[in-house]
Amino acid sequence: MIESIAAGAFVTEVALGEYDVRGALLVDAARVVVWDTLSHPRDMAGWLPLIGDRDVEVVYSHADWDHIWGTAGLPLRNATIVGHRACRERFGTDVPRTLCERQRAEPGKWDEVTLVVPNAVFDDKMVVGIGSMTLELHHLPGHTTDAIVGFVPERGLLLMGDAAETPFPVVPPDSPLVEWVAGLERWAHDPRVRTVVPAHGPTGGTDILQKNLRYLRGLLDGRPLTVAEPLTEFYRKTHQANVGWAEPRPIRAPGRQPNGPVG
Ligand SMILES: [Zn+2]
């Protein structure tokens, strides 16, 4: 399912069982930028007619499996693949390990997945031009150390990856929560932001950022929010794990795990 969210900007969603994941496409006359390639090369099939023979650039919001496994489904030629420096590092550590584990656990299901490593990295900020649009990439660590957000000022569009989601984000035990909250606060108060596009949960306005901020501040203050809305099994477990954020416990792999948050 493809939805147009602004001039030259589209989103698509795929169901992964426990949750859905969303990616975006920014299109101009000669170029496209793919924001996250989702979980499998076939997840990119819907973009192909919109891409046509345009040059493709790929941006990874972070290196969790459900955002990067679909890259081989794109007409890459000599495409630039952008990610945070820490995102590229993960392609030498947990990224291939997670794919191996998945391929062993579910033979045949992930054979088409080819890992495509970022060939352009940045630390704090990077700007990608797409004809009449600009995509500003900003580091926003918290969900993972390599997490970034993408802002299109001409459209007021903020692509969040997993830096914000509904009903609440996935918080690893070693998350730099103070930095995460500060980053989200800056965007929540930026009057240019009109549309907020998380990878998980509905799109909307800056109310999504405010809701994530209330939740994260609760963890930070040692007074976790009680979540009133009914939760799926994934988010029930995620909340349980998130609430223990400040308690020392064994380090697990960064980000969202294929078998749920506790992996
Ligand atoms: Zn995700």
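Visitor: Leaving aside its neighbours within four places in sequence, with which residues is Lys 125 in contact?

Guide: Please note at the outset that this is a predicted model. Apart from those sequence neighbours, Lys 125 is in contact with Glu 136, Leu 137 and His 138. Lys 125 itself belongs to strand S8, residues 125-130.

Visitor: Does Lys 125 count as buried, partly exposed or exposed, and what is its relative accessibility?

Guide: The term exposed applies over 50% relative accessible area, and buried applies under 20%. Lys 125 has a relative accessibility of 48%, and therefore counts as partly exposed.

Visitor: Where does Gly 8 lie, and which residues does Gly 8 touch, not counting residues up to four places away in sequence?

Guide: Gly 8 is in the loop that runs between S1 and strand S2 (9-15). With those sequence neighbours set aside, Gly 8 touches Leu 25, Leu 26, Val 27 and Met 133. For one of these pairs, Gly 8 and Leu 26, the separation is 18 residues in sequence and 5.7 Å from C-alpha to C-alpha. The relative accessible area of Gly 8 is 24%, so this residue is partly exposed.

Visitor: Strand S1 has been mentioned; is Ala 6, which lies in it, buried or exposed?

Guide: Strand S1 spans residues 2-6, and Ala 6 is part of it. Since its relative accessible area is 18%, Ala 6 is buried. Ala 6 and Leu 50 are 44 residues apart along the sequence and 15 Å apart in space, C-alpha to C-alpha.

Visitor: Which two residues does a cis peptide bond join?

Guide: The cis bond joins Thr 166 and Pro 167, with omega at about 10 degrees. Pro 167 is found in the loop between strand S11 (157-161) and H5.

Visitor: How do the axes of helix H5 and H6 run relative to each other?

Guide: One reads such a pair from its approach and its crossing angle. The axes of H5 (residues 177-188) and H6 come within 10 Å of each other and cross at roughly 155 degrees. That angle makes H5 roughly antiparallel to H6. The crossing is left-handed.

Visitor: Which residues of H5 meet which residues of H6?

Guide: On the side of H5, the residues are Leu 177, Val 178, Trp 180, Val 181, Leu 184, Glu 185, Trp 187 and Ala 188; they meet Leu 209, Gln 210, Asn 212, Leu 213, Leu 216, Arg 217, Leu 219 and Leu 220 in H6. Sorted by class, this contact has twelve nonpolar, two polar and two charged residues.

Visitor: Which residues of helix H7 are buried, and why do they line one face of the helix?

Guide: In H7, residues 233-243, the buried residues are Phe 234, Tyr 235, Thr 238, His 239, Ala 241 and Asn 242. Viewed down the axis of H7, these buried residues fall within an arc of 165 degrees, and so they line one face of the helix. Helix H6 (207-220) is included in what covers them.

Visitor: Finally, where is His 200 found, and is His 200 buried or exposed?

Guide: His 200 is in the loop between strand S12 (195-198) and H6. With a relative accessible area of 0%, His 200 is buried. Not counting residues up to four places away in sequence, His 200 touches several residues, among them Asp 66, His 67, Asp 162, Tyr 235 and Arg 256. His 200 and Glu 13 are 187 residues apart in sequence, with 8.9 Å between their C-alpha atoms.

Notes: Residues numbered from 1 in each chain as written. Predicted model: local features only at pLDDT ≥ 70, side-chain atom pairs only at ≥ 80, totals over all residues. Heavy atoms only, no water. Buried < 20%, exposed > 50% of the residue type's maximum accessible area, 1.4 Å probe, protein only. Helix = DSSP H or I, 4+ residues; strand = E, 2+ residues; numbered from the N terminus. Arc of directions from axis to C-beta. Contact = heavy atoms within 4.5 Å. Axes fitted to C-alpha atoms, helices over the stretch in contact; angles between N-to-C directions. Parallel < 35°, antiparallel > 145°, perpendicular 65-115°, else oblique. Left-handed = near helix turned anticlockwise from the far one by under 90°. Nonpolar A, V, L, I, M, F, W, Y, C, P; charged D, E, K, R; others polar.
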